[in-house]
Amino acid sequence: MDLVDLIAEKRFIGQEFLTWLWWKSEERGGVVELPGEGDIVVVFEKHMLLEYGEGDSNESLICRGLQTELQEARTGLVMGKKLEQARIQLVYNDYEWNFTMAAALMEFRNVKLPKTGGETGNENDPEAREGMVLERIFLFEELIRLMLDLFRIFLQIRIGNEWRDELVKIRQWVGKAERV
Amino acid sequence: MGFIKGSASYVRFAVEGDLPENIWDFIADRVVSFAFKDIDDTYDEDSLGWVSVLNMFDTEFDFASYAAGNYVTLSMRLDERKVSSAIVNKFVQKKEEEIKKEKQIQKIPRSMRVEIKESIQNELLRKALAVPSVFDLCWNLENSTLIFFSTNKKAQALLEDLFKESFGLTLVQQIPYVCGEHLLEEGEIDQLALITPDIFV
């Protein structure tokens, strides 16, 4: 299958991952455990975009709110819409990233990197400049690594026997939105 | 914007294909060969090539300025002359009116109208200033991945072509399914291929 077909046929995988991550982070009040690394903070905030349908009949719903006040977005899930974009705060060690994940293509958008001490170096000094560039690359790649670690956990559950139980819990969580 | 300063938007690619043993010599040669060429003093419609991430006028890359540790950092620069269709239509109509008056005719034949449009379009394009766009990238030589700092699909397609032309390597966008193939074990990948969308309500 070529990439264009894969993008169309498998876009649900990224969207299911993002929805699962939202549930997973709310399950423990904004904390998700990364095996071997410990807890990381994953908070869904401010902005979400949900999608419904495919191709020409595609509809989207934009929701804004604060953290779990994103009631409208959860109601969107009840209506069968899928989470396509979400603004996420991710904290690991002393680093904090803020970014929007676009799920279908796994795009990192408007990524705000953690504040570090190395941002005030002399830009005219080639060594200081290279150090600054390498630090930014590390922070971009570290965010990718953490998201891929979370994605691996999701995939292993998604293709395994655990998924049925996980799905029941997610449905209960989505169902809560219906009752509120 | 993005890679060097401020907030950034990016996507990941895998770099597929083999590099020669003398990697840095090869890259130095290819980057300069496919460096951006200015079109401000020409009538070319567009130009695409590599520039330094720190300075879009730097196409010399002194002291291998694109190298940072095991990474290659480059910007893809595209200069394009564009004329809006409203402007083209305005000048085409103007010209047509002139010809009608001059030749005392009611209607201009279709073939002539096509000719007028083409010549007006070329003339306006020559007069238009080339608008630059710059897109940064960071190529990790150790694990053969590349971060491209734009989610613009046209820019991504241009990057794939320029990268292939420059280095003979193929870029494969790391969409979730493709990432999954890299993250999972062999048996798991077969299971991944079989899953279908689930309903969350």
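**A note on a predicted two-chain model**

1. Is Val168(A) buried or exposed? Val168(A) is exposed, because 10 other C-beta atoms lie within 10 Å, and a residue counts as exposed when that number is 12 or fewer. Val168(A) and Glu135(A) are 33 residues apart along the chain, and their C-alpha atoms are separated by 42 Å.

2. On confidence, the model as a whole scores ipTM 0.90 and pTM 0.90. Chain A has an average pLDDT of 86, with 88% of its residues scoring at least 70, while chain B has a mean pLDDT of 93, with 100% of its residues at 70 or more. Within chain A, confidence is lowest in strand β3 (residues 59-65), where the mean is 75, and highest in strand β6 (residues 107-112), where it is 97.

3. Of the 180 residues of chain A, 33% count as buried. If one takes the contacts in chain A between residues at least 6 apart in sequence, 51% of them join residues at least 24 apart.

4. Helix α3 of chain A, which covers residues 71-78, deserves a look of its own, and its buried residues are Ala73(A), Arg74(A), Gly76(A) and Leu77(A). Why can these buried residues be said to line one face of the helix? Viewed down the axis of α3(A), they fall within an arc of 150 degrees, so they line one face of the helix. After α3(A) comes Gly80(A), whose phi is positive, near 90 degrees.

5. Chain B is made up of six helices and seven strands, which read along the sequence as β-α-β-β-β-α-α-β-β-α-β-α-α. The radius of gyration of chain B is 24 Å, well over the 17 Å that the globule rule gives for 201 residues, so chain B is more spread out than a compact globule. Its C-alpha atoms fill a box of roughly 80 × 55 × 35 Å, taken along the principal axes.

6. The domain assignment of chain B gives domain 1, made of residues 11-81 together with 130-194, and domain 2, made of residues 85-127. The centres of domain 1 and domain 2 of chain B, taken over C-alpha atoms, are separated by 41 Å. Of the 201 residues of chain B, 23% count as buried, and among its contacts between residues at least 6 apart in sequence, 67% join residues at least 24 apart.

7. Finally, there is the contact between the chains, which takes 32 residues from chain B and 38 residues from chain A. On the side of chain B that touches chain A, the elements giving two or more residues are β1 (8-16), β4 (71-80), α5 (176-183) and α6 (186-194) of chain B. Which element gives the largest share of this side? The largest share comes from α5(B), with six residues. By class, the side of chain B that touches chain A has 20 nonpolar, nine polar and three charged residues.

How values were computed. Residues are numbered from 1 along each chain as its sequence is written. Chains are lettered from A and ligands numbered from 1 in the order in which they are written. This is a predicted model: local features need pLDDT of at least 70, side-chain atom pairs count only at pLDDT 80 or more; totals for chains, interfaces and linings use all residues. Domain bounds come from an automatic or database domain assignment. A residue is buried if 20 or more other C-beta atoms lie within 10 Å of its own, exposed if 12 or fewer, and partly exposed in between; C-beta atoms are placed from the backbone. Helices (H or I, at least four residues) and strands (E, at least two) are DSSP runs, numbered from the N terminus. The arc is that of the directions from the helix axis to the C-beta atoms. pLDDT is the predictor's confidence in each residue, from 0 to 100. The radius of gyration is taken over C-alpha atoms; the globule rule is 2.2 Å times the number of residues to the power 0.38. Two residues are in contact if their C-beta atoms, placed from the backbone, lie within 7 Å. Ala, Val, Leu, Ile, Met, Phe, Trp, Tyr, Cys and Pro count as nonpolar, Asp, Glu, Lys and Arg as charged, and the others, Gly among them, as polar.
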